[in-house]
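Have the sequence and the model side by side as you read.

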2 protein chains.
Amino acid sequence: MKTVQFVLLDRFADWEAAFLAPALREGVMPGHPGKYRVTFAAPDGRPVRSIGGLRVQPDCGLEQLPADCAGLILVGGMSWQTPQAAAVVPLVEEALRRSILVGAICNAVSFLAAHGYLNDRRHTGNTLDMLRAWGGAAYTGERLYEERQAVRDGLWVTANGTGYLEFTRECLLALEADTPEAVAASYAFNKQGFCKE
Amino acid sequence: MKTVQFVLLDRFADWEAAFLAPALREGVMPGHPGKYRVTFAAPDGRPVRSIGGLRVQPDCGLEQLPADCAGLILVGGMSWQTPQAAAVVPLVEEALRRSILVGAICNAVSFLAAHGYLNDRRHTGNTLDMLRAWGGAAYTGERLYEERQAVRDGLWVTANGTGYLEFTRECLLALEADTPEAVAASYAFNKQGFCKE
């Protein structure tokens, strides 16, 4: 069983890992087995608080990815322009070097733009304007931007902050966490709900 | 500013407080002020892990509700039939006595059924069969069951586990966390997403 490592910074967005982590760890659908170990990393391994006020004790710091790492997931939030975020760059470099999936959602995508990671792969994010604003000269990927909830290009998944379910789906597919049919059923269940409104 | 207290048990469902807590604490829509303090309570004030593996250090135990408490939110998960859950009954009693909003989602609703709280108020839950199975003789509220994502009846809000957004909406309305228009806009934004798929 391989590990998917999530990165949480202070004021992370509560909803952005909230579907993916359970599906990886305890199965995509009820009764299906979980296929991955999940760990949460935060700067210096110290507690962080979510936007909703949840105080999380991470499993580890940002030193390096686990030896058996299959995915690096950057959870959005309000600290992706702070020095905390700069400490995440070496992890992205390590993921690139080791051909590990990188998933980023919301402001974590803007962070990728600011560090020049979105210039040669299809992607989305919290609007093209925001990628331009955060990216400045480091972002030259406009032609590869797509106005969608989530975009997967090889080992990279990006999403806007309301694309938490589509982000989950694309990461689960990339990680082959279950059959495509089970991933689609899980998506529909969470998107539409048990009772249509 | 009043407090809304969330209860988390071990193996709580990551997604079920993930929209409500941020909206209460940091505003229903971007730029809108947060109207509530949010605290997370867990048995004996000890850490709990979510289904997704998030290790949470709660703000307090289950001794009593805050003096300024405006809402008690029972987050679903896999421990609502354990002795841990029994320790939550006095908090529900206190909420009843003090006319404080009680919100419950997923298995936390089944817990309410098992303790006889759903026999005189309209409600929903994780199917009527599940309420009957958990409730046994303590549950006589079948005629008040509604097949919907979330149901609000006065100071009680119930929802099935996929009704996390409708649950959020009904709790925000009950707590008057913002205007009805802002709550509706927030719901639509999170339900449909920034880009329609």
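In which sense do strand β1 (residues 2-7) of chain A and β2(A) pair, and over how many bridges? They pair in the parallel sense, over six bridges. Strands here, like helices, are DSSP runs numbered from the N terminus (helices are H or I with at least four residues, strands E with at least two), and two strands pair if DSSP finds at least two bridges between them.

Before going further, a word on the ground rules. This is a predicted model, where local features need pLDDT of at least 70 and side-chain atom pairs count only at pLDDT 80 or more, while totals for chains, interfaces and linings use all residues. Residues are numbered from 1 along each chain as its sequence is written, with chains lettered from A and ligands numbered from 1 in the order in which they are written.

**Chain A as a whole**

Chain A has seven helices and eight strands. Its radius of gyration is 16 Å, close to the 16 Å that the globule rule gives for 197 residues, so chain A is as compact as a globular protein of that length. (That radius is taken over C-alpha atoms, and the rule is 2.2 Å times the number of residues to the power 0.38.) Along the principal axes, the C-alpha atoms of chain A fill a box of roughly 45 × 35 × 35 Å.

**The sheet in chain A**

Back to the strands. Six of them form an open sheet in chain A, ordered β2-β1-β5-β6-β8-β7, with mixed pairing. At the edges sit β2 and β7 (150-153) of chain A, each pairing on one side only. From one strand to the next, the twist averages 15°; angles like this are taken between N-to-C directions and run from 0 to 180 degrees, with axes as lines fitted to C-alpha atoms, for helices over the stretch in contact.

Together, β1(A), α1(A) and β2(A) make a right-handed β-α-β unit; right-handed says that, with the strands pointing away from the viewer, the path from the first strand over the helix to the second runs clockwise. Further along the sheet, strand β6 (residues 101-105) of chain A pairs with strand β8 (residues 156-159) of chain A, also in the parallel sense, over four bridges. There G103(A) stands opposite V157(A) in β8(A).

In the table, contact is counted when C-beta atoms, placed from the backbone, lie within 7 Å.

| Helix | Strands it lies across | Direction |
|---|---|---|
| α3 (residues 89-98) of chain A | β1, β5 (69-74) and β6 of chain A | about 145° to β5(A) |
| α4 (residues 107-114) of chain A | β5, β6 and β8 of chain A | about 115° to β6(A) |

**Chain B**

Chain B has an open sheet of six strands too, in the order β2-β1-β5-β6-β8-β7 and with mixed pairing. In chain B, six bridges join strand β1 (residues 2-7) to β2(B), and the two run parallel. Here you can pick out Q5(B), whose bridge partner in β2(B) is T39(B). Strands β6 (residues 101-105) and β8 (residues 156-159) of chain B pair in the parallel sense over four bridges, and V102(B) stands opposite W156(B) in β8(B).

**How the chains meet**

At the interface, 32 residues of chain A are in contact with 32 residues of chain B. On the chain A side, the elements giving two or more residues are α1 (20-26), β2 (36-41), β4 (55-56) and α7 (180-192) of chain A. The largest share, four residues, comes from α1(A).

By class, the side of chain A that touches chain B has 15 nonpolar, nine polar and eight charged residues. For that tally, Ala, Val, Leu, Ile, Met, Phe, Trp, Tyr, Cys and Pro count as nonpolar, Asp, Glu, Lys and Arg as charged, and the others, Gly among them, as polar. Finally, 100% of the interface residues of chain A are also interface residues in chain B, so the copies meet through the same surface.

Note on methods
Two residues are in contact if their C-beta atoms, placed from the backbone, lie within 7 Å.
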